[in-house]
Amino acid sequence: MPSPSSEAVHRSAKRDIVVDRVHKVFGAGESATTALDGISFQIEDGEFISLIGPSGCGKTTLLYMIAGFHTPSAGEVLVSGQPVTSPGADRGMMFQEYCLFPWLTVQGNVEFGLRIKGIAKSERHEIANSHIRRVGLDGFQNRYPHQLSGGMKQRCALARCFANDANILLLDEPLGAVDAMTREELQDEIQDIWWDDDNRRRKTVVNVTHSIDESVYLSDRIIVMSPRPGRVREIIEIPFERPRRPELRFEPEYQRFVAYVHDLLKSFKGH
Ligand SMILES: Nc1ncnc2c1ncn2[C@@H]1O[C@H](COP(=O)(O)OP(=O)(O)OP(=O)(O)O)[C@@H](O)[C@H]1O
Ligand SMILES: [Mg+2]
């Protein structure tokens, strides 16, 4: 079977995101670092994808390219059939370092994008508050980032990303800093944002995570990347019915997938 990275890529507007033989080299000469080495995959409109792989394998770099913050050294990234040349309102990004504005409160941070879009004060207040509640920060609207714990900052950044209602959500370890129970609650919130009340997929999500459980619980497919220089090692389809229910975690078939991804990641150690 040819490796996924060598597959010819079929261009189609229905494919929301196409990553086509992408290489990324940072720096030049002796200090050059190859972060990504020929990555190809396609994401359908409405899919939930997780990217998982060892630290430094290029997950953030790849997400930045889909977002339009980095350009590939070779190859191409297409969103809705068009080459990505810059960031756009169709793509909402939640950064690994949260990137909250320190001079704005929780409310101000979550409302920021809505204000830029020119949404009236009362409406943006309502939208922001519903997302602040969803991430469990009700009552903290007037706090500044330096008054929040790491997990609370992360939840604020997640609320800000959701509030903008972009079609494509690019999430870089969105739940890395929250405690285990909050993490499970927020995974269900992320699923709810993605999966609307009529059981339709509303958004395309690319979720970078170090949590194997999270990747199996939330994803339609998991893209497993090998250690730097990043390549696609395997793409795993997760077949469980939607919406995923918390009890799923206790089922043997679910645990079989968790063990499979675990063993794959473990196989990288020592290479
Ligand atoms: N702006 C940059 N300049 C130089 N090297 C960079 C830059 N950004 C990333 N790199 C390098 O590219 C490689 C991939 O980094 P990246 O941040 O994409 O990894 P990651 O998979 O997101 O890791 P982590 O799981 O630790 O967040 C690393 O070796 C990193 O040092
Ligand atoms: Mg990263």
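1. Basis. The model is predicted, so local features are limited to pLDDT of at least 70 and side-chain atom pairs to pLDDT 80 or more, whereas totals for chains, interfaces and linings use all residues. Side-chain values rest on heavy atoms, without hydrogens and water, residues are numbered from 1 along each chain as its sequence is written, and chains are lettered from A and ligands numbered from 1 in the order in which they are written.

2. T60 belongs to helix α1 (residues 59–67) and Q96 to the loop between β6 (91–94) and α2 (106–116), so the pair ties together parts 36 residues apart in sequence. Helices (H or I, at least four residues) and strands (E, at least two) are DSSP runs, numbered from the N terminus.

3. Ligand 1. Of the 14 residues around ligand 1, S55, K59, T60, T61 and Q96 come nearest; a residue counts as near if one of its heavy atoms lies within 4 Å. For H210, a polar side-chain atom is 2.8 Å from an oxygen atom of ligand 1. The protein covers 65% of the 640 Å² of accessible area that ligand 1 has on its own (Shrake-Rupley method, 1.4 Å probe). Helix α1 gives the most to this shell, with three residues.

4. Strand β8. All five residues of β8 (residues 204–208) are buried, so the strand is largely enclosed by the rest of the structure. Buried means under 20% relative accessible area, exposed over 50%, and partly exposed in between (1.4 Å probe, protein chains only). T204, V206 and V208 lie on one side, and V205 and N207 on the other. Strand β8 runs parallel to β3 (residues 48–52), with four bridges, and parallel to β7 (residues 168–172), with five bridges; strands pair if DSSP finds at least two bridges between them. V206 stands opposite I49 and is also the bridge partner of L170.

5. Strands β1 and β2. Strand β1 (residues 15–26) pairs with β2 in the antiparallel sense over nine bridges. S40, in β2 (residues 33–44), is buried, at 3% relative accessible area.

Notes:
A polar contact is a pair of N or O atoms within 3.5 Å; within protein, one must be able to donate a hydrogen and the other to accept it, and residues adjacent in sequence count only if both atoms are side-chain atoms.
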